[in-house]
Amino acid sequence: MTNAAQPLTDRPDPAVIAAQNDAFRKLACLGVPPEQPIQGRMHVTRSIMEAGDGFMAEAVKATGMFETFEPENDPEGWHDFGAVEIRGETVFWKIDLYEADSDFRFGAETPDNPATTMRVLTIMLARDW
């Protein structure tokens, strides 16, 4: 008797989540409208806001343009984290996925469903992590 591994059908498709995360990031950071509505908000930490002299605008734009996803920085394949260099400072960005009606208390049960998932993009200096 052979046991063939069955695919897990209840697991979300990482490629779908990655495409939605990329679309949301481009909307939040670059103003590029997505093909389908995506719920979310962007937060920038105080240290980014206080960096002055256009630093925040550069960090937001670089976050929106980020495309260097590798197994080392994107092991789940969700495109939910990245790091960019701005004027010698490392800036991290992270997308967290929540249930849309949970007041950000619960993780998304179906993270590949944009109707029930609220995305939160946080941009911060790496030294603040």
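Two strands count as paired here if DSSP finds at least two bridges between them. Helices (H or I, at least four residues) and strands (E, at least two) are themselves DSSP runs, numbered from the N terminus.

A quick note before the views: this is a predicted model, in which local features need pLDDT of at least 70 and side-chain atom pairs count only at pLDDT 80 or more, while totals for chains, interfaces and linings use all residues. Residues are numbered from 1 along each chain as its sequence is written, and side-chain values use heavy atoms, with hydrogens and water left out.

View 1. The C-alpha trace spans about 65 × 30 × 30 Å along its principal axes. Of the 129 residues, 33% count as buried; buried means under 20% relative accessible area, exposed means over 50%, and partly exposed is in between (1.4 Å probe, protein chains only). The accessible surface comes to about 8100 Å², and 53% of that belongs to carbon and sulfur atoms. Such areas come from the Shrake-Rupley method with a 1.4 Å probe, and for residues only the protein chains shown count as cover. As for contacts (heavy atoms within 4.5 Å), take those between residues at least 6 apart in sequence: 61% of them join residues at least 24 apart.

**View 2. Strand E4 and its two partners, E1 and E3.** Strand E1 (residues 39-44) runs parallel to E4, and 6 bridges join the two. Look for Gly-40, whose bridge partner in E4 is Arg-119. Strand E3 (residues 89-99) pairs with E4 in the antiparallel sense, over 9 bridges. Here Phe-92 stands opposite Met-124 in E4.

**View 3. The two sides of E4.** In a regular strand the side chains alternate between the two faces of the sheet. Thr-117, Arg-119, Leu-121, Ile-123 and Leu-125 point one way from E4, while Met-118, Val-120, Thr-122 and Met-124 point the other way. Are these residues buried or exposed? All are buried. With 9 of its 9 residues buried, E4 is largely enclosed by the rest of the structure.

**View 4. Phe-66 and Phe-69, one of the 7 aromatic pairs in the structure.** This pair is edge-to-face, at 5.0 Å centre to centre and with 85 degrees between the planes. For the cut-offs, rings of Phe, Tyr and Trp (its six-membered ring) pair if their centres lie within 6.5 Å; planes under 30 degrees apart count as stacked, over 60 as edge-to-face, and the rest as tilted. Both Phe-66 and Phe-69 are buried. Together with Trp-93, Phe-66 and Phe-69 form one aromatic cluster.

**View 5. The aromatic pair of Phe-81 and Trp-129.** The ring centres of Phe-81 and Trp-129 are 6.5 Å apart and their planes sit at 75 degrees, so this pair is edge-to-face. Phe-81 lies in strand E2 (residues 81-86) and Trp-129 in the segment after strand E4 (117-125), so the pair ties together parts that are 48 residues apart in sequence. Phe-81 counts as partly exposed, at 24% relative accessibility. Trp-129 is exposed, with a relative accessible area of 63%.

**View 6. Arg-87 and its salt-bridge network.** Side chains of opposite charge can pair when their charged atoms come close. A salt bridge here is a side-chain nitrogen of Lys or Arg within 4 Å of a carboxyl oxygen of Asp or Glu, and the structure holds 8 of them. Asp-53 forms one with Arg-87, the closest N and O atoms being 3.8 Å apart. That pair links distant parts of the chain: Asp-53 is in the loop between helix H2 (46-49) and H3, and Arg-87 is in the loop between E2 and E3, 34 residues apart. Glu-58 also forms a salt bridge with Arg-87, with the closest N and O atoms 2.4 Å apart. Glu-58 lies in helix H3 and Arg-87 in the loop between E2 and E3, so this pair ties together parts that are 29 residues apart in sequence. Glu-58 is partly exposed at 35% relative accessibility. Salt bridges that share partners join Asp-53, Glu-58 and Arg-87 into one network.
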